[in-house]
Amino acid sequence: MRKIALDVGDKTVGIALSDALGITAQGLITLERVGIRKDTGKILDLVKEYECDTIVIGLPKKLDGSDSIQTEKVYEFRTMLENKMRSTGMKGVDVVWQDERLTTVMAEKVLIEADVSRKKRKEVIDKQAAVLIMQGYLDTLSMKKD
């Protein structure tokens with residue numbers, strides 16, 4: 001089963017998917033935020049469409065591990081997502097956290113090294129951050145199996 005990763009921001013949600021074997025991550029889309037209810041509904045549509053068994057949400061902690069204002073917003077997003085899952089009878093999908101500290105910085109570095117223009121980087125940075133969140137999660141799963 002595939003997994004879907006989310007990099008939740010104020011204006012966009014970067015979204016990435018795992019391959020069916022759970023080895024690699026690929027960017028899917030950058031969702032423009034319109035409201036938490038509609039945003040979570042769109043994400044659940046993608047979960048169904050791609051038959052995902054896990055939603056991996058990037059948790060934006062400060063470097064010292066404490067919560068930030070954005071962390072609180074992401075907690076709220078997860079709560080809304082889980083409530084919507086319950087209200088629609090969606091079962092069998094786990095929702096998990098993945099530390100996302102520095103993923104946006106790393107994503108920007110990857111895009112700069114790939115010679116992506118500043119304008120294009122702005123369009124894909126959140127999706128690339130979601131790829132890093134997903135790959136980090138997949139690598140953690142892989143290490144637990146070994």
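Me: What share of the contacts between residues at least 6 apart in sequence join residues at least 24 apart?
Reply: It is 62%. Contact here means heavy atoms within 4.5 Å. One caution: this is a predicted model, where local features need pLDDT of at least 70 and side-chain atom pairs count only at pLDDT 80 or more, while totals for chains, interfaces and linings use all residues. Residues are numbered from 1 along each chain as its sequence is written, and side-chain values use heavy atoms, with hydrogens and water left out.

Me: OK. How many helices and strands are in the protein?
Reply: Four helices and five strands. These are DSSP runs, numbered from the N terminus: helices are H or I with at least four residues, strands are E with at least two. Along the sequence the pattern reads β-β-β-α-β-α-β-α-α.

Me: What radius of gyration does the protein have, and what would a compact globule have?
Reply: The protein has 15 Å, and a compact globule of 146 residues would be near 15 Å, so the two agree. The radius is taken over C-alpha atoms, and the globule rule is 2.2 Å times the number of residues to the power 0.38. The C-alpha trace spans about 45 × 40 × 30 Å along its principal axes.

Me: What percentage of the residues is buried?
Reply: 41% of the 146 residues. Buried means under 20% relative accessible area, exposed means over 50%, and partly exposed is in between (1.4 Å probe, protein chains only).

Me: Which residues have the most contacts inside the largest nonpolar core?
Reply: Ile4, Leu6, Ile43 and Ile55, in a core of 21 residues. At least two core residues come from each of β1 (2-8), β2 (12-18), α1 (36-49), β4 (52-59) and α2 (69-87). A nonpolar core is a set of buried Ala, Val, Leu, Ile, Met, Phe, Trp, Tyr and Cys residues joined through side-chain atoms within 4.5 Å. There is also a second, separate core of 10 residues, including Ala16, Ala25, Val56 and Ile133.

Me: New topic. How many salt bridges are there?
Reply: Five in the whole structure. A salt bridge needs a side-chain nitrogen of Lys or Arg within 4 Å of a carboxyl oxygen of Asp or Glu. One of them joins lysine 73 and aspartate 10, at 3.2 Å from N to O. Lysine 73 sits in helix α2 and aspartate 10 in the loop between β1 and β2, 63 residues apart.

Me: And what joins glutamate 82 and arginine 78?
Reply: Their side chains form a salt bridge, 3.0 Å from N to O. They are separated by about one helical turn because they are four residues apart in helix α2.

Me: Is arginine 78 buried or exposed?
Reply: Arginine 78 is buried, at 15% relative accessible area. Glutamate 82 is partly exposed, at 24%.

Me: Last one. Where is glutamine 26?
Reply: In strand β3, residues 25-32. Glutamine 26 is partly exposed, with 34% relative accessibility. Its side chain makes a polar contact of 2.7 Å with that of threonine 24. A polar contact is a pair of N or O atoms within 3.5 Å; within protein, one must be able to donate a hydrogen and the other to accept it, and residues adjacent in sequence count only if both atoms are side-chain atoms.
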